[in-house]
Amino acid sequence: MYKKVNRMQPLSVTQFIQLINNLVGFEQLAVEGEVSGFSVSQGKFVFFSLKDEASVIECFAMTYAIGVPLKDGMKVRVWGTPGLYAKSGRFRITVSSVEILGEGALQAAYLALKKKLESEGLFAVARKRTIPRFVSHVLFIGSQTSAAYTDFIRVAHNRWGGVLISVYDVRVQGESAAMDIVGAFNFANALMQQGDSCPDVIVLSRGGGSLEDLQSFNDERVARAVFGSLIPVVVGVGHERDETLVDFVADVRASTPSNAAERIFPDRIAVLQELQSFGEYLSFSMDSLVHKKKTFLTSSLFVFEQGVGEVIKNARMHMNTIMTVLPRLQAQIQFKKTQIVQMVAGHEQRLRNIVLQLQEKISFLNKTMTLLSPHALLARGYSIVKRKNGILVTSARDVVRGEEISITMRDGEIDVTVQ
Amino acid sequence: MAKKETFGEKYERLEQLSHYFEKGDLDIDEALTKFEEGVGLVKELQKHLDSVENKIADIKQKLQDV
């Protein structure tokens, strides 16, 4: 056929490439090899080479076909169509899907599952519960024959006492490990629902190992069992750098089984010191309180005494003042009294004098009156001359001849006619 | 197991009593009662730490027995 075409007429380059692609690109083939030169362009176009001991072939894919980024050195199986890329004339496989083989497969599966669980919220920090500071009952899920178990128990005994550690022995690797572990969590949840003597915390622990060894701790069912545990879970796996999916789901992630015990059991010595401090604080507080009350009472008493003393002192002062002033007042009163008495006596005397004087005057006037009285005159021999009408004759010229007058003498009257 | 007060519960009670003394003006009688309770708790908890061991129970064994 080719010879026929060759003899018939020459092809353009484009036609030639199209022809070749038609010949080879009619079905998908699976090719296995090692990845090298892996690169992504513009976030969309993936380029890498696939090689074995002797040969190499270029591969091209869109990112969605690859799914997970590949690493150089990974062993993969690709499905794709071979062909020439017209623009460069280079032969390559256009890859439609990739499967990672061996260790890489586990790694990829792990990463994919991790992404899935994270998006479902199994790793969410907000839902992680705290474990109580002082636990009474711990449930250990792991292999009773492992170093993880002995390490955990040893650290627990060193740090603390009085705790019940229930041990649920499980296989931690191998086919049935995942279901064993899930069974242990179901058992624990059942205890929780029964209500009696349920653990305060669960420890899921094992030693370190390869990615294959740790498979059960990366199992989706186990991760979901840890997430669905009604009791908080502490996960402590092998060595610090080992990282499993249950580490992310756990309420508390410990770096090792020993560290898990450290996170769960308090340090006896530290707590003893705290208790010591409490004791000291209580004593100190009580002493201070008593001292304060005593001081308060003493000062209150003092203030009270002072106060009462003041009152008494003031009262005394008043008394003294009164006692001093009183006699003076009395003296003054007495003096005034005396003054008044004297004054009154004085007045009396004056009045008496005045009365005496008046009496004397009256007496004198009386005497004078008597002397001057007509009777006194008569007695002395004088006479009173009166007209008939009684009017006194005081002058000789007042009478006329023949007028009848009377002359009153000491011892009687004489009727007279004037000559 | 839960009938007696646990270490944690007693410790919390001790913290409460401690807070009580942070207040300024306290009644002496009440304070004395709380002081005695507190000191009693301290002694109890100290004793617990000095003497008590952890106890290990094998679940599978228990389940098998049942």
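This is a predicted model: local features need pLDDT of at least 70, side-chain atom pairs count only at pLDDT 80 or more; totals for chains, interfaces and linings use all residues.
Contact here means heavy atoms within 4.5 Å; helices are DSSP runs of H or I with at least four residues, strands are runs of E with at least two, and both are numbered from the N terminus. For the classes, Ala, Val, Leu, Ile, Met, Phe, Trp, Tyr, Cys and Pro count as nonpolar, Asp, Glu, Lys and Arg as charged, and the others, Gly among them, as polar.

Residues are numbered from 1 along each chain as its sequence is written, with chains lettered from A and ligands numbered from 1 in the order written. Local features need pLDDT of at least 70 and side-chain atom pairs pLDDT 80 or more, while totals for chains, interfaces and linings use all residues; side-chain values use heavy atoms, leaving out hydrogens and water.

The axes of α1(B), residues 7–20, and α2(B) come within 10 Å and cross at roughly 145°. Axes are lines fitted to C-alpha atoms, for helices over the stretch in contact, and angles run from 0 to 180 degrees between N-to-C directions. The crossing of α1(B) past α2(B) is left-handed, that is, the near helix is turned anticlockwise from the far one by less than a right angle.

Helix α2(B), residues 28–51, also meets the other chain: its axis comes within 10 Å of that of α10(A), residues 268–372, at a crossing angle of roughly 160°. These two helices, α10(A) and α2(B), are therefore roughly antiparallel (an angle over 145 degrees). Their contact involves 16 nonpolar, five polar and three charged residues.

Taking the two chains as a whole, 37 residues of chain A touch 35 residues of chain B. About 3300 Å² is buried between them, 69% of it on carbon and sulfur atoms; buried area is the accessible area (1.4 Å probe) lost by two parts on being put together, summed over both. Zero salt bridges turn up across this interface, a salt bridge being a side-chain nitrogen of Lys or Arg within 4 Å of a carboxyl oxygen of Asp or Glu.

Over all chains, the search finds 21 salt bridges. One of them joins A:R127 to A:D251, with the closest N and O atoms 3.8 Å apart. The partners are 124 residues apart, A:R127 sitting in the loop between α4 and β6 and A:D251 in the loop between α8 and β10.

Note on methods. Angles under 35 degrees count as roughly parallel, over 145 as roughly antiparallel, 65 to 115 as roughly perpendicular and the rest as oblique.
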